[in-house]
Amino acid sequence: MGRYVVRRLLQMIPVFIGTTLLIFLMVYALGDPVAALFGDKAPDPATAARIREDLHLDEPLWKQYLLYMGAIFRGDFGTAFNGQRVTELMATAFPVTLRLTLVAVVIEIVVGITLGVVSGLKRGRPLDTGLLVVTLVVISVPTFVSGYLLQFLLGVKWGWVSPSVSSDARLDELILPGVVLALVSLAYVTRLSRTSIAENTRADYVRTAIAKGLPRHRVITRHLLRNSLIPVVTFIGADVGALMGGAIVTERIFNIHGVGYQLYQGILRNNSPTVVGFVTILVIVFLVANLLVDLLYAVLDPRIRYA
Amino acid sequence: MLLEVRDLHVEFRTREGIAKAVNGVTYSVDEGETLAVLGESGSGKSVTAQAVMGILDTPPGRITGGRILFQGRDLLTLKEDERRKVRGARMAMVFQDALSALNPVLTVGDQLAEMFTVHRGASRKDARAKAVELMDRVRIPAARERAGQYPHQFSGGMRQRIMIAMAMALEPALIIADEPTTALDVTVQAQVMELLAELRRELRMGLVLITHDLGVVADVADRIAVMYAGRIVETAPVHDLYRAPAHPYTQGLLDSIPRLDRKGRELYAISGLPPSLTAIPTGCPFHPRCPRARDVCRTDDPPLYEVSADRRSACHFWRETLRKEPLDAPR
Amino acid sequence: MPEPYEKGPYEKGPYENPREAIAPTGAGGAMDLAMSEAETLDKRETEPTGEEGTPPGPGGRPRSLWTDAWHQLRRNPVFLVSSLLIAFLVLIAIWPQVLTDADPLRCDLAKSQEGSEPGHPFGYDTQGCDVYARTVHGARASITVGIAATLGAALLGSLLGGLAGFFGGWGDALLSRTADVFFGIPVVLGGLVFLSVVTSTTVWPVVGFIVLLGWPQIARIARGSVITAAQHDYVQAARSLGAGSGRLLLRHVAPNAVAPVIVVATIALGTYIALEATLSFLGVGLRPPTVSWGIDISNAAPQIRNAPHMLLWPAGALSLTVLAFIMLGDAVRDALDPKLR
C-alpha cells in the first residue's frame, strides 16, 4: 500500500509539470499581457518595461516558467493587474466553488446512485428502459442549455427558487446551480451504477449468496452493492476535480462569483497571473482528487490492496 | 427418499426462441447416497441443479412443469422465504469456479461466518470461531490467520476447500456439487474430491455430483444418471453402467475414453454435435447421432424403459445395446 | 490448463481497471459514457460463454461480428431514428436552402424579438434576424466541427494509440504520460485559455483545439483494444509463422481492435458538437459572422424572460443533434457487444 501511494505520487509529478507548462505556454506565449493591460491606449514605454521586468516577461519562457513555479511553491501567486493579490481572489472564489461542487456531488450521489441501483435491479423493465432514455437525453443537453432552461422555468416562470445567487452564495441558493452542474454527471452516475449492478446481479458470487440462503436485502446490500459501487465511487471522486473546472459555465449562468467567474474575468482581461494561478490550483485539485480516488479504490477493493 | 425430481421442465427465453433446457427430468437421491449426473455442457444438468437449489435466473429461465420433492415437501410450492431457509441450511451447493463464486471483497472468514449469523442467529464472535473451525475441518493450514484473508489470496485448491466448508457449514442433508473439480489442477482434483467424499460419509449427506468426467464418477458415485438434450437417457448403479451401458449415448461416452489396453487404435468419437435446445429433433433427440437409429427413433420419443429394478434407459433398442449386438445396417 | 481460471475473472472482472495516473473525466459525462462503454467492448471476447444458462445458438453458419452487428442494427429503432436524423442534419448542413431561402445574416431591427409570423415560424431574435433561418444554417458549423474534429482525433488517436499498444516499450510509456498531461487540463478551461488569443473567424482553431484535447481519449481506447486483440491466439500464431509487424497489425490486429474506437468516436462526435457550442457560448469558440447555435443561445440568454423562443429553438436543435450522435453510438455499441443483449 505504501509503495503504491509513492508510485502514484511520483507519476503525478511529470503530469503536473506537463499540464502547468502547457497552460503557462498558452497564456504567456500566445498573448501579450502587457498590451492587453493597456487596452486600446498605447502603453507608456517605461511602465510597460517595468511591468515586463516584474513579471519576468523579458526572460526566456522556460525561465519564466521556473520562476513562476518557484514563486507558487512559496505561496506567491503574483498580483492581478488591478493590484489585488491573486491569493486574495482565490480566498474569496474557492470557498464558493467548493460549496457549489459539494452540492453537486451530494446530488450526484443521492439521486444518481439511487436511480442507478433501482434501474439495475429492474433491468429490462419499463422503468429501466425509461431511465436509460432519460439519461441519454440529459447527457445530450449541454449544461448551458439545461442551466438557462431550469433557471427560466424554476426561477422565473414558476418562481420556486431565486434565479440568481447572492454574493454570499448560501447553500440553499446553490441547490439549483448544483443540480445544473451535477446534471450530466448525474446521468452518467445513474448509467454507470445501473450497468454495474446489472452486470453484478449475474455474477457467480451473487448466485452463491442466494444459494447460501441469505435474505434478499442482505444479498443486495452486503454482496451486490459493495462490489457494484466500487467503480461508481471512484468515478464520483474523480468527478470532483472535473466539476470544479467545469463550474465556469454554471457560475456564469447564475452569476456566482466563484472560480469560474474570476477565471473568466481573468481571461477576458488577459490577466495572466490570475489565469495561470487559478488553473494551476485546479490542476492540482484534479490530480489530488485522482490520487485520492486511486487510494479509495485500493481501500474498497482488496484485490488491489494486496496486489 | 431425500430428493425426488419429477418430470421437471425448464425453458429459457433467448433471442433464437424458446430454449428447452430441461425436458421431463426425473431422478432421485436417497439419504447418504451419491448420484452422479453426467452430461455434456448444454445437456441441462446444471440447470436442473439450479432449479433444485432455487437459484435459477428467472427470467430468462422459467420452470414450466414438474415437482421437486425434498424431504417430502414440494419445493416449488413453498413461499420464497421458506424456500430460502432450506437453501444453505438443509441443501447446499458447491460451485465449479470458487474464485468467481466467492465474494472478492469480503474475507473468507466473513463469508463463512455469515452462514451462522443468518441461519442460526449466532453472534459475530461465535460465528467467527465456527468459521475458523470449519476451515480447520477442510484442512486449511493456519486457519485462524487465513480467515482474515480474501479469496484471491488462496490457491485454487484451497478456495475450493473453502467453498466446500461453506456448503458443509450447517450440516445440510443434501449437497449439490456442480463440477467441483473441473477448474482445478489434476493433482489437486483428487484431493478435493476425496475431501468431499469423506465429509459426505461422516455427515451422512446425500450428494448430487454434476460432472462431465467419467473418471471422477467411477470412484465416488453410487448411481449415475446420464443426461442428453435436457432429459435423462439412462440411470443405473455405477458398476452396472460401466459394465454394460443400456443406451447408445452412454456407450459412445464410454468408448470415447482413451484406454491403455486399446492403445494404437483409433479413438471412438460420437459423430455430430448435440442439438440446439431451440430445435430439439423429433422422436429420440439422439437419433441424428445414433449408430442404432431406425425409423421408429425419428418419430417416437422413447420413454424410460425399465431395464431392471434399478436401471432405466430411454432407448427403443436398449436390449440390443445392452447385449452389445453388432450394428445391423451400415449408416 | 488451470491458468485461465486462476487469473481470468480478476483480470477481466468488472473493476478491471488498468488505471493510468489520471482518470478520463475532464470532458464531462458523455465522454465518460463513451469511454466506459467502449471498455466493456474491449472485454467482449474474454467473457465466459457457453454457460448452461445461455444455451448455444443454432448450429448454423457462424456470422462475423460485423454482419451480426449489422443485422442487429437494422432492427434497432434507436439506430434507425438516429441515423435518419443524422442524415437529415448532414443534408441541411450541406444545403440549408432546402429548408429556407431566408438569409440568416439579413436582419431587420424593426422586428427585434418578435414572435412567429407566416414564413418565419420561429420568430426573430434581438437583431431582428430570422431565428428559423439561423437555426437551419447553424447546423453547418456544428456538423463541420463535429465531423472534422472527430476525424482528426480518431485518426491521430488510433494511429498513436494503436502503435503504442502494439509495439509497447518507451514509446508506449511516453504516449501514456503525454495523454495524462492532456487529461489533466479541464476541457472548458483549456478552451478558454487557448482560444481566447485566437482571432480567426473560421471553424479551424476550434477543430484544432478539440483534436488537441480529444486525441488522448481515443488513443487510450485504441491502445487498450490493440493490446487485447494482439493477445489473441491467432495473432500469436501468425507472429510465430513469421508475419511481419506491419502485416500483423494491419491484417490481424486492426480489424479486431477497431470496434471500440468506432463506438467512442461516434459518441465523441456528439460531445464535440456540445463542446463547440459551449465554447461559442463562452465567446471563445466560433465567432460571427459564422452562424452557430452556441452564439445564438449566448445572445438570447439575457432576453430569456422576454423572448424565450430565441433560446429554445437553437437550444433544441443543438440538443437534438448531440442526442442523435450519442444514440447512434449507443446503438452501435449495443450491436457490437453481444453479451449485453
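Domain bounds here come from an automatic or database domain assignment. With that in hand, let's look at some close-ups of this predicted model.

**View 1. Chain A has two domains, and they touch each other.** Domain 1 of chain A covers residues 2-73, and domain 2 covers residues 95-300. Taken over C-alpha atoms, the centres of these two domains of chain A are separated by 32 Å. Domain 1 of chain A brings 17 residues to the contact, and domain 2 of chain A brings 13. On the domain 1 side, two or more residues come from each of α1 (2-30), α2 (33-38) and α4 (61-73) of chain A. Among these helices, α1(A) gives the most, with 12 residues. Sorted by class, the domain 1 side has 13 nonpolar, three polar and one charged residues.

**View 2. Chain C meets chain A.** Here 47 residues of chain C are in contact with 55 residues of chain A. On the chain C side, at least two residues come from each of α2 (29-42), α6 (169-183), α7 (187-195), α10 (245-281) and α12 (309-336) of chain C. Which helix supplies the largest share of this side? That is α12(C), with nine residues. By class, the side of chain C that touches chain A holds 31 nonpolar, 10 polar and six charged residues.

**View 3. Strand β4 of chain B pairs with β1(B) and with β5(B).** Look for β1 (residues 3-14) and β4 (residues 61-70) of chain B, which run antiparallel and are joined by eight bridges. One pair to find is B:F12 with its bridge partner B:G61 in β4(B). β4(B) also pairs in the antiparallel sense with β5 (residues 73-74) of chain B, over two bridges. Here B:L69 stands opposite B:D74 in β5(B). Together, β4(B) and β5(B) form a hairpin with two residues between them. In its turn, B:Q71 has a positive phi of about 50 degrees.

**View 4. C:I92 sits in a helix of chain C.** The helix is α4 (residues 77-94) of chain C. Is C:I92 buried or exposed? C:I92 counts as buried because it has 20 C-beta neighbours inside 10 Å, and the cut-off for buried is 20 or more. Leaving aside residues up to four places away in sequence, C:I92 touches C:V98, C:L99, C:V136 and C:A139. For a sense of scale, find C:M310 too: C:I92 and C:M310 are 218 residues apart along the chain, and their C-alpha atoms are separated by 20 Å.

Definitions and conventions:
Residues numbered from 1 in each chain as written. Chains lettered and ligands numbered in written order. Predicted model: local features only at pLDDT ≥ 70, side-chain atom pairs only at ≥ 80, totals over all residues. Contact = placed C-beta atoms within 7 Å. Helix = DSSP H or I, 4+ residues; strand = E, 2+ residues; numbered from the N terminus. Nonpolar A, V, L, I, M, F, W, Y, C, P; charged D, E, K, R; others polar. Pairing = 2+ DSSP bridges. Buried ≥ 20, exposed ≤ 12 C-beta atoms within 10 Å, placed from the backbone.
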